[in-house]
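Keep the structure in view while reading.

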Amino acid sequence: MAFSLSIQTQTLGEWASLGLASTSLNMSMPDHVLRTQADLGELDAFYNIDISTRRHAALHDYHQNEQDLLAQIDFDALDQQGRVDYIMLRTYHTRQLNNLDLERSSQEEFSPLIPFAEELVTLLEKRQDVETLDAKGAAKALDDINKSITKVQGKVQSGGFNVTETTGYLASKAITDLLDHLGEWYGFYSTYDPLFDFWVTTPWTTANTTLTEYLTTVETELAGMHQEGKEDAIIGEPIGRKGLEVELEAEMISYTPEELIQIGNQELEWCMAEVKKQSRALGYGDDWAKALEHVKNDYVEPGKQTALVRDLVNEGSNFVTDRDLVTVPPLANSTWRMVMIGAEQQKVSPFFLGGPTIYVSYPVVSMEHDLKLMVMRGNNRHFARATAFHEMFPGHRLQLYMADRYNSHRKEIFDTPFFVEGWALYWEMLFYERDDFHRSPEGRIGALWWRMHRCLRIIFSIKFHLGEMTAQEAVDLLVDTIHHERSTAEGEVRRSVEGTYSPLYQAGYMLGALQLWKLREMVVDSGEMGQKEYHDAILKLGVLPIEMVKVVITGEELSRDFKPGWKFYDFN
């Protein structure tokens, strides 16, 4: 069943008719971007119930009206950077409209599991509007909601629903959101309104308890979570071919999902041939799995990983500075921080995370013996050396530092893994090509292992969203193909599919790097730009899809009806 609330609100189109649209037409394009970001902050804060029909309608109206507003702007009067922002804004609003439609379809799948949602959302949204509360009526509504929860819980417990774990997982997320809002709703009125306390306290307590119990039922019976003696199932929501096409269009990637999988396989084939060369150099012949075991077992003792990572971060910064490869501002170089990742967070972040702070995974006292060894092996010296600079210099730390200072209006709503992760992996590729960074076979195997990992990220993430591979099969792919430690493979897949990252995030590493590599061939290898000039120019653009980076770097002419179409990869 679909949700339909009959709450009347002033539409965003009506707001525009009050003169706001004409005022906006006089803004610069960066101000349009910042205004959009601020508007969405207001909308998300007010329309904050995820499954609300009113929220969906308000966001849909907003994005549609913004599209209409863009159509009134004199595109030809804009400079190149303004035209980039125009096209990016139009692309952004189109993406949001498409995803709102997909989100509504997804909600229809799990709505039978929450038949009480419409009545509960209506109650919660009256609080948003600060309507005068009918305490006796609210008590009656909560009593009805409680009965509905009890009824559907009995149906779940008796096996009355034949749904996927994904559907159960999405329902559990919706229930969790409703519980949070129900608690806030009670806190808003309680003790301020004596009639509220008299009528509502008991039915609210009952409904809140029943809904909490129902959440546990859905998680355990339908979503495969909190199973006694077992790790939680790795569950996500495959977005399907249509969803992938929406995301690929927004990211300006002009390839089909099948072509992306082909790219992943072709790059993996190159890596496999290369890693065998390094295996032979270590005396293991073509049995690179034995060479990898040799590399994995070269880890530091407990308590020494922080010193190792500190030295590796400094090494990366000094390497690019001494060779004049890219500008590293002194402030960026002197103010980065380090934090250790806790045991629970390591379930989804088994390696480094980077930016202003580098987050380091390593065993903690509470871990089981076998898990400690897996974590140490997965964060060995050579894997660490191949990624510390990815996270910090010249990778994410430098990149995000510059994004805060150049075209910073782009860093929020235009955020894309193809730029963010592509930039960092591009440097992994560049360091590997050189002969003065990875001086040993162990170092090159460490670098190649990560590169193979990024190839497999394309393959498993695209197949997962196409419905061609389960999360568990993705874990097995990582373990069987490149000998991932199972704990780290589960962490990688878990964070890839559970919805905290965009659907194309994992594919963005390798694909973004390949785009930057092709652009490098076009402008650096051809002699049009110097290497440092190329790198510094990219960092000053802010965050953009790489096809937009290409447009600016090469000075291509942009038209209002620009359509992405860059073919950056050469298939065998």
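## Terms and basis

In this report Ala, Val, Leu, Ile, Met, Phe, Trp, Tyr, Cys and Pro count as nonpolar, Asp, Glu, Lys and Arg as charged, and the others, Gly among them, as polar. A cavity is a set of points, on a 1 Å grid over the protein atoms alone, where a 1.4 Å probe fits but cannot get out, and lining residues have an atom within 4 Å of a point. Grid points are joined across faces, edges and corners, and a volume is the space filled by probe spheres set on the points.

The model is predicted: local features need pLDDT of at least 70, side-chain atom pairs count only at pLDDT 80 or more, and totals for chains, interfaces and linings use all residues. Residues are numbered from 1 along each chain as its sequence is written, and side-chain values use heavy atoms, with hydrogens and water left out.

## The largest cavity

The whole structure holds two cavities of 30 Å³ or more. The volume of the largest is about 90 Å³. Its lining has six nonpolar, two polar and three charged residues; among them are Met-88, Tyr-92, Arg-95, Glu-251, Phe-414 and Asp-415.

Helix α4 (residues 80–110) gives the largest share of this lining, four residues. Helices (H or I, at least four residues) are DSSP runs, numbered from the N terminus. Domain 1 (29–110) and domain 3 (244–554) each contribute at least three residues to the lining of the largest cavity, with domain bounds taken from an automatic or database domain assignment.

## The second largest cavity

The second largest cavity contains about 40 Å³ of space. Leu-425, Glu-428, Met-429, Tyr-432, Ala-447, Leu-448 and Arg-451 line it. By class they are five nonpolar, no polar and two charged.

At least two lining residues come from each of α17 (417–433) and α18 (441–466). The largest share, four residues, belongs to α17.

## A helix pair

Helix α17 also meets helix α15 (residues 381–391): their axes come within 9 Å and cross at roughly 135°. Axes are lines fitted to C-alpha atoms, for helices over the stretch in contact, and angles run from 0 to 180 degrees between N-to-C directions. α15 and α17 are therefore oblique to each other, given that angles under 35 degrees count as roughly parallel, over 145 as roughly antiparallel, 65 to 115 as roughly perpendicular and the rest as oblique.

## Two backbone details

Pro-394 sits in the loop between α15 and α16 (396–403). The peptide bond from Phe-393 to Pro-394 is cis, with omega near 10°.

Val-130 lies in the loop between α5 (117–128) and α6 (135–157). Its phi is near 55°, a positive value in a residue other than glycine.

How values were computed:
On a 1 Å grid over the protein atoms alone, a cavity is a set of points where a 1.4 Å probe fits but cannot get out, and a pocket is an open set with protein on both sides within 12 Å along at least five of seven lines; lining residues have an atom within 4 Å of a point.
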